[in-house]
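Please look through the structure below before reading the points. They are written for someone who has not seen it before.

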Amino acid sequence: MTSQRIRLGVDIDGVLSNFTHGVWPYICQATGKQLAYQDPSGWVNWAPFTEDEFLAGFRLAREQEDFWANLRSYADNVAALHSFLYTYGGGYASVVYVTSRPEAIIGPSVIAQTTRWLGKYTLLPAWTAVTVVTNPDYKPAVARALGLTAWVDDHLSTVLDGIRDGQHAYLLDRPWNGESEGRPAMIKDRVVDSLAEFLEKVAK
């Protein structure tokens with residue numbers, strides 16, 4: 001592993017927390033469609049729901065006091081990051097969580113819920129920080145301003161914008177960011193299957 005200090009960016013929803021599973025029951029509630037969970041095939045194509053139905057369910061979710069704080073985790077990714085933070089964090093590496101989340105409608109603020117969720121999994125040592133943006137399109141500019149060595153996200157257009165800007169942006173492979181979203185084959189070297197693979201690639 002290189003001795004050069006690195007600063008990494010890690011998205012939360014879709015990478016560490018299971019947003020799609022968390023919002024699903026609220027879409028069902030808002031639409032009256034009681035359907036078993038399935039991964040959406042895209043951020044716009046939430047079939048069998050329409051985009052408007054997704055937005056109605058998402059609003060309902062944000063009206064819950066602790067929606068962001070109670071999301072399930074992707075256990076493997078959380079474990080990989082936890083191991084990295086407490087093995088290499090501090091002197092060698094730091095991590096900034098860069099997440100796109102609208103403000104909660106009811107209850108604690110989105111930043112309060114986000115830090116509570118990260119704290120629950122002991123992912124907030126002193127060498128980490130949290131940045132919340134209101135639109136994923138802002139992330140590449142934030143990553144550049146923060147001086148991130150590399151960063152990982154599950155939102156395809158966000159990662160593509162970062163790559164075009166010359167940043168070391170990586171896409172975490174998910175059902176909703178593949179061919180249906182127009183993922184170009186040319187970025188295959190920037191696609192990772194897990195957070196562990198991302199950390200291995202950028203922290204050599």
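1. The model is predicted. Everything in this note should be read as a description of that predicted model.

2. Start with Asp153, which belongs to strand E4, residues 150–153. Is Asp153 buried or exposed? Its relative accessibility is 1%, and because buried means under 20%, Asp153 counts as buried. A polar atom of the Asp153 side chain lies 2.9 Å from the backbone nitrogen of His155.

3. Once neighbours within four places in sequence are set aside, the contacts of Asp153 are Asp11, Val15, Lys139, Thr158, Val159, Tyr170, Leu171 and Leu172.

4. How many aromatic pairs does a search of the whole structure find? The search finds 15. One of these is the pair of Tyr26 and Phe67, which is edge-to-face, with 5.9 Å centre to centre and 80° between the planes. This pair links distant parts of the chain: Tyr26 sits in helix H1 (residues 19–31), while Phe67 sits in the loop between helix H2 (51–62) and helix H3 (75–88), 41 residues apart. Phe67 has a relative accessible area of 5% and is buried.

5. Phe84 and Tyr88 form another pair, with ring centres 5.6 Å apart and planes at 50°, so this pair is tilted. Both residues are in helix H3, and because they are four residues apart, about one helical turn separates them. Phe84 is buried at a relative accessible area of 5%, whereas Tyr88 is partly exposed at 34%.

6. Which residues do ring pairs link into a cluster? They are Phe19, Tyr26, Trp46, Phe54, Phe58, Phe67 and Trp68. Tyr26 and Phe67, the edge-to-face pair of point 4, are thus among the cluster members.

7. Two arginines are placed over tyrosine rings. Arg174 lies over the face of Tyr74, 4.1 Å from the ring centre. Arg190 lies over the face of Tyr170, and here the distance to the ring centre is 5.4 Å. Tyr170 is also one of the contacts of Asp153.

8. The structure has one cavity of 30 Å³ or more, and the volume of the largest cavity is about 50 Å³. Its lining is made by Gly9, Val10, Asp11, Val98, Lys139, Ala143, Leu148, Trp151, Val152 and Asp153. Strand E1 (6–10), helix H5 (139–146) and E4 each give two or more residues to this lining. Which element gives the most? E4 does, with three residues.

Key. Residues numbered from 1 in each chain as written. Predicted model: local features only at pLDDT ≥ 70, side-chain atom pairs only at ≥ 80, totals over all residues. Heavy atoms only, no water. Buried < 20%, exposed > 50% of the residue type's maximum accessible area, 1.4 Å probe, protein only. Polar contact = N/O pair within 3.5 Å; in protein donor to acceptor, adjacent residues only side chain to side chain. Contact = heavy atoms within 4.5 Å. Phe/Tyr/Trp six-rings, centres within 6.5 Å; stacked < 30°, edge-to-face > 60°. Lys NZ or Arg CZ within 6 Å of the ring centre and 35° of its normal. 1 Å grid on protein atoms, 1.4 Å probe; cavity = no way out; pocket = protein on both sides within 12 Å on 5 of 7 lines; lining within 4 Å. Points joined across faces, edges and corners; volume = space filled by probe spheres on them.
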